[in-house]
Structure formats: C-alpha cells, structure tokens
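Here are a few exercises to work through with the structure open beside you. Take your time, and try each task before reading its solution.

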Amino acid sequence: MGEHAVSLIDGTPYVTETLVDVVDPFTGQSIGSTHESGSDAVHSAVRSATEAFQDWSRTSVDDRAAVLERAADLLDERGSFIASTVTREMGMPTRLSQVTQSQLPASVLRAAAATARAFPWIEDIDGAQLRRRASGVVGAITPWNMPVHQIVAKVSAALGAGCTVVLKPSEATPFDAVAIAQIFLDAGLPRGAFNVVQGTGAVTGSALASHPGIAHVSFTGSVGAGRTVAALAAGSLARTTLELGGKSPAVILPDADLDVAVAGALGSALVNSGQACNAPTRMVIPSHMAGEIERRIAEATFVLGDPSDPATTHGPLASKRQLDRVVDYAQSALADGGRLVVGTGKPEGGCFMAPTVIADLPPTARAVREEIFGPVVVLQTYGDVDEAVRIANDSDFGLSAEVWGDPSEAKSVASKLHVGQVKVNGVRTRERPAVPFGGIKQSGYGRELGALGFSEFTDVTAVMA
C-alpha cells in the first residue's frame, strides 16, 4: 500500500502530523501509516455527525434501508480488494478474509436493512404507545481481529436506526475502515453521517468516548479497555455497548460424532489463529473419551504460511507483541503442569505460532481462566453432563459456547450455559447475521445484530392518552 490512512470528516480527508506505522505481520514490512487524530479532529467529527443527524434521523426507514442495501451491493463488488487489505493489515488467511470480511459484512448489511423495515418503531402496550427514535451520534470503536465485520455490525445498526456515526478503527487496520466509509458515501449516505477518526485508543479512542456530544459508545475490545471506555463515557452519561473478551467452552457430549465434533470444535477454536473473541478455546470433553479425542486432535493438519496463499489455513499472529503475549501464556501453562497434545508452545519464526493444545491443567491455571487470543486450546475433562455444565460455566467470561452431540440433549445443555450465544453442532455465527451477539459477566453487556442490536441505538418515549 505505502500510503497514509487519513481520517474522513464530513466526507473530506483530515490530515494530522502524527503518524502511526502499519506493519504487515507476515513480511514484517511497513505497508503504510495512519494519522493520529487528537481531540480537535474528534471534535470536528462529532460536530459533523451532529449536524448530519438532524436530516438523517428524519429520513424514512425505507430510504435508510435502501442505503444499507446499496452498500451491500458495493461491498460485493469491492469485496476482494477489502479482504486482501485485511489480509495484509493483520495476516488473516485469504480463505477466511473473503468469507468473514467481505461476504459476512454484506449479509449483515442486508439483514440490517430487513431489520430496519420490520423494527417496531411504534408499538402499543397497555394503553400506551411506545415510540422509538434514533439516540443521536454513535461513537464506534472497533478492533483489529475482525475489522470489517466489526465496523459493519456497529455502523449498519446505528445508521439503520437513524443515528450518525464517528468510527475509531484499530490503528493496526486503518485502511479497510476508509474503504468501508467510502462505500457508504458511494451508496448515497449523506456527508457527515459516517465519519472516521484514525489513531490509537489512548489518544483518539479516549477523546471519542469522553466527548459530550456522543449519545452512545459501542466498543469491542479487551476487558481492561472496556472498563476505561465505560468510565470515560459515564462522564457525560452516554450509554455504552461493550463486546469484550471470552473464554468460551466447546462441550463435547458422550454421544457426539467425534469425527465431526472434534474437527469442528478445534476449527472454531483456532479460526484466525485463535484471534477471535468467541473462539471456544476450552474443549470440555468426557474423561473416558479423552484418549480418543486427543488422538484425533494429534492427527489434525494445519498449513502455516503466506496468508495470501489460498492453501494457508493459519496465518501469523497480528503483531510481534501479540505473539509474545500468546507464547507467554503457553509457557505459563506448561509451567503449571500442562501436557502438550499438539504444538510446541514456542514461536515458529516471524509472527507465527503453531496451533497448540494443552491437557491436564488445573482449573486455576492462567491458560484456563484468562483469554489468550491466540492458537492455544486447553482440554478439560468431565465425568457426567452435570459436571460438564459446571466446568463450562466456571468462567469469569460469558460470551459464547458450543455444544456437540444429539440435538435434543445438546439443546438442553445449551440452555444451562451462562453465555450470550450457544452454537449447537457446528452452526456458525456468520450463517445467522440477524441473531443477536454479545455477552454477560466480563464479556460485557448489550447486543449487536438483529432487533436487539437496533434497540441499542434508540430511545423510547411512552405516550399515554
């Protein structure tokens, strides 16, 4: 790329003096830089969004939905370029980026358009009429791991609800954010309804979350950063939606088809080299089947390499810093008595780390309790299904889970898990773009996608007559 990713305010590039380098984690080479937006840029963006809100919030639902649908069409047309951009920014294999950063966001846009048209904007309840309207300017702060999907999940609902947006993407993935903003403008979104401010969380994100002109802050990221964002937003009593970390379990029941369940659960856990908040990185398995399951895991094949090569299944971690963090967790697990089933728990060169599966850890081990955000999976064994449920729920997080087994029994177990979303027998989030996503406990609060995602960005007035 070799260019600068600038902020976009009122449809116009906004340039600042401070630059942040953007590095391709596969080559280790700079692919460009992004500008650091300070409080002045953020204020200009919020002012632009505030002015645009007056007209956009009055635009008919059908017209707003039509913009989302046109944006989906344009994303289909430009999807290959955007997916390849993400691959270079953070190392996502092209076979995954095409699906999750192009096809999925387009599906989310179309689902959001349908949700907008079906949303209960006016509803009669117990002699009162509930009227829902757009909340105002939304500050959206998105991460680097699934950058386009996270942007579209937030922006589609906010715009569909009649809000305007100021987006702060990760400084590690700034180029795709500019491309997505341009798609919305080309789809007919008014200038100023979607602004982008580039920069780091400490500078740009803090200025955005604390700005008094923001009505709602929607944040995806770490637990620590989420606490900071919520505290900053509380200064002006702005509402927040926080989609934070996870330590999701994949419960394999005794009657599961192991050929399907083990491959499916392992694939989910290691998707994007484990850099997914809902990755089921705790595999909860029957004690009497542990040896058989470990054998299947040991036979799994992984192709580490150039993420632009369609044959590659696992690219590099997004940065050297992320690699060091993940390796530290793996080494800590081994020090805590863990036994390697697959992998070495060490770097493979560059920013690569091979998929690593560890057994025999105590429930208090860091690798069992804390989100690693890398290709490290721990095995936990159980005696009966009640114990499996207890182990699955023994977590400070509550974002997602998987259950594999007879559909009836799997659904029964799923109903007992304290998480925001449970996938049974391999259903994928990407296949259900209107199903709400979000967590409880340390995984945050609020929901994205579907009608609940829309509700986050609306205010309700009850009219009684």
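This is a predicted model: local features need pLDDT of at least 70, side-chain atom pairs count only at pLDDT 80 or more; totals for chains, interfaces and linings use all residues.

**Exercise 1.** Find out how the span of helix 10 compares with the expected one, and which of its residues are buried.

Solution. Start with the ends: helix 10 covers residues 320–335, 16 residues in all. From first C-alpha to last it reaches 22 Å, close to the 22 Å expected at 1.5 Å a residue. Next, apply the cut-off for burial, under 20% relative accessible area. Q322, L323, V326, V327, Y329, A330, S332 and A333 are the buried residues of helix 10. Then look at their cover, which includes helix 11 (366–369) and strand 19 (376–382). Finally, step just past helix 10, where G337 has a positive phi of about 100°.

**Exercise 2.** Work out how helix 4 and helix 5 pack, and which residues make the contact.

Solution. First the geometry: helix 4 (residues 147–160) and helix 5 (residues 174–186) pack at about 35°, their axes 10 Å apart. Their crossing is right-handed. Helix 4 brings P147, V148, I151, V152, V155 and L159 to the contact, and helix 5 brings D176, A177, I180 and F184. Sorted by class, this contact has nine nonpolar, no polar and one charged residues.

**Exercise 3.** Determine the strand order of the open three-stranded sheet, and its edge strands.

Solution. The order is 1-5-4, with mixed pairing. Strand 1 (3–5) and strand 4 (19–23) are the edges, each pairing on one side only. On average, neighbouring strands of this sheet are turned by 35° against each other, direction ignored. Now zoom in: strand 4 and strand 5 (residues 30–35) run antiparallel, joined by five bridges. D21 stands opposite S33 in strand 5.

Note on methods:
Residues are numbered from 1 along each chain as its sequence is written. Side-chain values use heavy atoms; hydrogens and water are left out. Helices (H or I, at least four residues) and strands (E, at least two) are DSSP runs, numbered from the N terminus. The expected span of a helix is 1.5 Å times one less than its number of residues. Buried means under 20% relative accessible area, exposed over 50%, partly exposed in between (1.4 Å probe, protein chains only). Contact means heavy atoms within 4.5 Å. Two strands pair if DSSP finds at least two bridges between them. Axes are lines fitted to C-alpha atoms, for helices over the stretch in contact, and angles run from 0 to 180 degrees between N-to-C directions. A crossing is left-handed if the near helix is turned anticlockwise from the far one by less than a right angle, and right-handed if clockwise. Ala, Val, Leu, Ile, Met, Phe, Trp, Tyr, Cys and Pro count as nonpolar, Asp, Glu, Lys and Arg as charged, and the others, Gly among them, as polar.
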